[in-house]
Amino acid sequence: MAGQLKLAYFDVKGLGEMIRITLRDNKIDFTDELVAPDDWPKLKPQMAFGQLPCLYDGGKQIVQSGAIMRHLARRYDLYGSSDEMDWVDQLYDQGKDILTKLNQMIYREYEKKDSFVKTTLPEELEKIEKHIKGKQFFVGNKPTIVDYSIFSLLEQILALEPHSLDRFPSLKAFHDNFASRPNLKPYLQSSEYKKRQFTGSGKL
């Protein structure tokens, strides 16, 4: 189909899953191209920075997960109003900071998992808990890219520690409600989603 989107990423959730979830929830047709490890060396030189995910949109090739999400936000009205965009960006980047710390622990310091779950994770979750308290979405009255990115982050956190949201009722309610969205629930319950690991580390 002319103009149809194609997402190229590895067969893990990683940085590609929030993009998949955004597209699926908004019923945006796309091809989910899973890049096999053996094919990556041939594809890598074609990427602007030698990394994935990559979104193909017509004649455009867009890399960097944040750039992809913001592209989708502009194209499909997922950025909120002009007055809300700054908060969308701030909360998106705060979630990215948490994900960076999480992945650093998983890939480089997994022996510190218990300390991370007990100390670092609650400190980071507290920072975003207050921004969802009493609300359905983080910014405005409909989903923006920050909802998809933080939901994806919470999915990974819950896979690491299933009780991690017990002390954060607003985040837990947000996660549970978002997981029940009609366009997302079947995908989240599918074998395709469940069998896909969050990282390529073999630990999660």
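For these notes, a pocket is an open set of grid points with protein on both sides within 12 Å along at least five of seven lines, and its lining residues have an atom within 4 Å of a point. The domain bounds come from an automatic or database domain assignment. A friendly reminder to myself: this is a predicted model.

**Entry 1, domains.** I looked up how the chain is divided, and found domain 1 (5-77 + 186-195) and domain 2 (84-181). Taken over C-alpha atoms, their centres are separated by 21 Å. I also checked the contacts: 15 residues of domain 1 touch 13 residues of domain 2.

Where does the largest pocket lie? Domain 1 and domain 2 both contribute residues to its lining, so the pocket lies between them. I noted a volume of about 710 Å³. Its lining has 31 residues, and Tyr9, Gly14, Leu15, Leu99 and Asn103 are those nearest the centre. Strand S1 (5-10) and helices H1 (17-25), H3 (65-76), H4 (85-108) and H6 (145-160) each give two or more residues to this lining. By type, I get 13 nonpolar, 14 polar and four charged residues.

I then listed the buried residues of H4, among them Val88, Leu91, Gly95, Leu99 and Ile106. Their cover includes H1, H3, H5 (113-129) and H6.

Methods:
Residues are numbered from 1 along each chain as its sequence is written. This is a predicted model: local features need pLDDT of at least 70, side-chain atom pairs count only at pLDDT 80 or more; totals for chains, interfaces and linings use all residues. Side-chain values use heavy atoms; hydrogens and water are left out. On a 1 Å grid over the protein atoms alone, a cavity is a set of points where a 1.4 Å probe fits but cannot get out, and a pocket is an open set with protein on both sides within 12 Å along at least five of seven lines; lining residues have an atom within 4 Å of a point. Grid points are joined across faces, edges and corners, and a volume is the space filled by probe spheres set on the points. Helices (H or I, at least four residues) and strands (E, at least two) are DSSP runs, numbered from the N terminus. Ala, Val, Leu, Ile, Met, Phe, Trp, Tyr, Cys and Pro count as nonpolar, Asp, Glu, Lys and Arg as charged, and the others, Gly among them, as polar. Buried means under 20% relative accessible area, exposed over 50%, partly exposed in between (1.4 Å probe, protein chains only). Contact means heavy atoms within 4.5 Å.
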